[in-house]
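Here is my notebook page for today.

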Amino acid sequence: MKLPLYIEKIIEILEENGIECYVVGGCVRDYLLSRTPDDYDMCAGETPEKISEILGKYFKIIPTGIRHGTVTAISDGHPVEITSFRMETGYSDFRHPDEVLYTKDIKKDLARRDFTINAMCFNPKTGIIDIYNGRNDIKNKIIKTVGNPDRRFNEDALRIIRALRFASQLDFKIESETEKSIRKNFDLLKNVAWERIFAETNKLLCGFCGVLNEYRDVLTKIYTNYPENASYLIKKTNILELKYYFLLKNNTEDELCRVTKQMKMPEKMRKNVLFIYANKSFRISKEPEEIEIKLAISRFGYERATFLLEKQDIEEKTGGKYKNAAENIFKDEKNCLSLKKLEINGNDLKEMGINGKNIGILLNKMLEMVIKGEIKNNRKKLLKSIEKIINI
């Protein structure tokens, strides 16, 4: 495993000071999956204060995580988190340890981790340390807890949804004892903040989503009443708002408002999901389709129109027909799809003695006529057409 120079520097400095240091968790897992790690978490056999003291001679240190056992060092511009080897005891809130004890034994640190695929560490001198056969579980595509699954999930209930997320992301199966424990302990998720569940759900929905079928009996407790074909529909889109619509579309509008608020979904995203739901009956059904698509872009805006058009593509299995058409239409600068591109504006109408809401009504009428090809987007012709309308 080849490490970036900015990581090697930290390992070398700590080892020169007699401190064991490894990269750990997801970066080792990703390496074994032949993926490029997004980042590198590190662990070291000393207290955070001592680590901070040593690394502070070479790097800028961000001390905000020291209370939780983590030091952040800025190495060649990269923020790198180094967490002290630790043991944890007592999880009265089902999320956080009541007591943290630092140790110099990497084996004790790895023993506290969630899944075997995340409980491996690496150092250029030792190679990969894999006490819990995580490498073998990766080979066999298995999600399995480190040790007793009931204990792991009672320590941190978020691990339940994380297990399902990893299974979805990696297209792995969950090992039988871990699966039984997920079903047995699923109600522990009530102790987890919704924003944490939402963050894991985002990643779950961007995976293969087979768990939505396999664990439907328990997942409906948090994703209320989702349809049996949800995993098929969700996999067909990369638009997160549309994924959530397919997951939650069986709810009433009031239930959808409640669930999306409960999830602490960002407001823009939440409004987009509710928009899709409110316009779920929208269809391109008339000929010529190009005009209908232009009218949809004009009415909803390009982004929201693509939500509805991709939804129709997926439900009707068109192969992306409507969304692709919308993309081509939107790219064509010649198309007039908004009032901004109309050759007349409100000031022109005011000069004609038109005021108030009639300005908007007439401008939108002209835009619709231009889109339908009933009139060209030409200033003189548009003004002449308005004159005819107000003189009727």
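A word first on angles: I take each axis as a line fitted to C-alpha atoms, for helices over the stretch in contact, and the angle between N-to-C directions runs from 0 to 180 degrees. I also keep in mind that this is a predicted model.

**Entry 1: two helices.** I looked up helix α14 (residues 253-262) and helix α15 (residues 267-278), whose axes come within 10 Å and cross at roughly 165°. Angles over 145 degrees count as roughly antiparallel, so α14 is roughly antiparallel to α15. I noted the crossing of α14 and α15 as right-handed.

Which residues make the contact? From α14 I listed Glu253, Leu256, Cys257, Thr260 and Lys261, and from α15 Arg270, Val273, Leu274 and Tyr277. Sorted by class, this contact of α14 with α15 has 5 nonpolar, 1 polar and 3 charged residues.

**Entry 2: the sheet.** Next I traced an open sheet of 7 strands, in the order β3-β4-β5-β2-β1-β8-β9, with mixed pairing. At its edges I found β3 (60-62) and β9 (127-129), each pairing on one side only. Direction ignored, neighbouring strands of this sheet are turned by 35° against each other on average.

Entry 3: I then picked strand β2 (residues 41-44) and strand β5 (residues 78-84), which pair in the parallel sense over 3 bridges. For cysteine 43, I found that the bridge partner in β5 is threonine 83. Helix α1 (residues 5-16) packs on the sheet and touches β1 (21-24), β2, β4 (70-75), β5 and β8 (121-123). I noted that the direction of α1 makes about 40° with that of β5.

Notes
Residues are numbered from 1 along each chain as its sequence is written. This is a predicted model: local features need pLDDT of at least 70, side-chain atom pairs count only at pLDDT 80 or more; totals for chains, interfaces and linings use all residues. Side-chain values use heavy atoms; hydrogens and water are left out. Helices (H or I, at least four residues) and strands (E, at least two) are DSSP runs, numbered from the N terminus. Angles under 35 degrees count as roughly parallel, over 145 as roughly antiparallel, 65 to 115 as roughly perpendicular and the rest as oblique. A crossing is left-handed if the near helix is turned anticlockwise from the far one by less than a right angle, and right-handed if clockwise. Contact means heavy atoms within 4.5 Å. Ala, Val, Leu, Ile, Met, Phe, Trp, Tyr, Cys and Pro count as nonpolar, Asp, Glu, Lys and Arg as charged, and the others, Gly among them, as polar. Two strands pair if DSSP finds at least two bridges between them.
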